[in-house]
Amino acid sequence: MKDGRETRRSKENGREAAAFKIIDRRPATGAGSTPAGEGAAAEPRYPTFVEELKARAEEAERRTREIAAAYRRVEEERDAFRERLARDLERRVDMARAAFLRKAIEVLDDLDRAIAAARSGTGAAPLLEGVAIIRDRLLQALA
């Protein structure tokens with residue numbers, strides 16, 4: 001305590017303890033700081049080591065909040081990327097399927113023309129039978 005008050009202990013085990021003084025030699029911080037004992041509304045003054053530990057703890061908590069927020073942002077970005085990737089993959093599969101179906105329809109058209117040509121001609125029974133089998137198999141694959 002800066003005002004130099006003396007403190008005495010009561011008698012312990014039948015003998016009186018020696019008097020001692022407590023002098024606070026820490027520098028006062030801030031413009032509004034008051035010496036100990038003045039102004040009951042002032043914040044309690046902690047030793048420097050405790051203040052340092054509190055500051056370090058507050059800094060660690062702030063850093064933890066920052067890291068947690070950054071992690072949440074990364075997670076949201078990753079989820080959005082996965083959704084975009086899934087949509088893109090689905091679109092590509094649809095495009096590939098459409099291209100395949102266009103080719104398959106062309107083959108079916110060619111087979112239909114071959115069957116029509118074989119029916120109009122004579123002696124092409126084996127050709128007609130083979131083309132009909134191919135057409136049936138292709139239709140089964142497309143189904």
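These are my notebook entries on what I looked up in this structure.

**Entry 1: the model and its parts**

I began with the kind of model. It is a predicted one. Next I listed the secondary structure. I found two helices and two strands in the protein. Along the sequence, I read the pattern β-β-α-α. I noted helix α1 at residues 48-120. I noted helix α2 at residues 125-142.

**Entry 2: burial**

How much of the protein is made up of buried residues? I looked it up for the 143 residues of the protein, and the share is 5%. A residue has to be under 20% relative accessible area to count as buried.

**Entry 3: how the helices pack**

I turned to the pair α1 and α2. Two packed helices are described by the angle between their axes and the distance between the axes. For α1 and α2, I wrote down an angle of about 155°. Their axes are 9 Å apart. Are α1 and α2 roughly parallel or roughly antiparallel? The cut-off for roughly antiparallel is over 145 degrees. The two helices are therefore roughly antiparallel to each other. I also checked the hand of the crossing, and for α1 and α2 it is left-handed.

**Entry 4: A117 and L128**

I picked A117, a residue of helix α1. I compared its position with that of L128, 11 residues away along the chain. The C-alpha atoms of A117 and L128 are separated by 8.8 Å. I then looked up the exposure of A117. Its relative accessibility is 47%, so A117 counts as partly exposed.

**Entry 5: a nonpolar patch**

Which residues make the nonpolar surface patch of about 260 Å²? I found F49, V50 and L53. I followed up on F49, which lies in helix α1. F49 counts as exposed because its relative accessibility is 56%. The cut-off for exposed is over 50%.

**Entry 6: salt bridges in the whole structure**

I searched the whole structure for salt bridges. The search gave eight. I followed up on some of them below.

**Entry 7: R63 and E66**

I looked at the side chains of R63 and E66. They meet in a salt bridge, at 3.4 Å from N to O. Both residues lie in helix α1. They are three residues apart, about one turn of the helix. For R63 I noted a relative accessible area of 44%, so R63 is partly exposed. E66 has 35% and is partly exposed too. I then asked what else links up here. Which residues form a network of salt bridges with R63 and E66? I found E59 and R62 linked into that network.

**Entry 8: D88 and R92**

I moved along to D88. It forms a salt bridge with R92. The closest N and O atoms of D88 and R92 are 3.4 Å apart. Why are D88 and R92 separated by about one helical turn? They are four residues apart in helix α1. D88 is partly exposed, with a relative accessible area of 23%. R92 is exposed, at 54%.

**Entry 9: D94 and R97**

My last pair was D94 and R97. Their side chains meet in a salt bridge, at 3.3 Å from N to O. I placed both residues in helix α1. They are three residues apart, about one turn of the helix. R97 is partly exposed, with a relative accessible area of 48%. D94 is partly exposed as well, at 40%.

**Entry 10: recap**

The pattern is β-β-α-α. Helices α1 and α2 are roughly antiparallel, and their crossing is left-handed. Helix α1 holds the pairs R63 and E66, D88 and R92, and R97 and D94.

Notes:
Residues are numbered from 1 along each chain as its sequence is written. This is a predicted model: local features need pLDDT of at least 70, side-chain atom pairs count only at pLDDT 80 or more; totals for chains, interfaces and linings use all residues. Side-chain values use heavy atoms; hydrogens and water are left out. Patches are made of residues with over 30% relative accessible area and no salt bridge: like charges are joined within 9 Å, nonpolar side chains (Val, Leu, Ile, Met, Phe, Trp, Tyr) within 5 Å. Accessible areas come from the Shrake-Rupley method with a 1.4 Å probe; for residues, only the protein chains shown count as cover. A salt bridge is a side-chain nitrogen of Lys or Arg within 4 Å of a carboxyl oxygen of Asp or Glu. Buried means under 20% relative accessible area, exposed over 50%, partly exposed in between (1.4 Å probe, protein chains only). Axes are lines fitted to C-alpha atoms, for helices over the stretch in contact, and angles run from 0 to 180 degrees between N-to-C directions. Angles under 35 degrees count as roughly parallel, over 145 as roughly antiparallel, 65 to 115 as roughly perpendicular and the rest as oblique. A crossing is left-handed if the near helix is turned anticlockwise from the far one by less than a right angle, and right-handed if clockwise.
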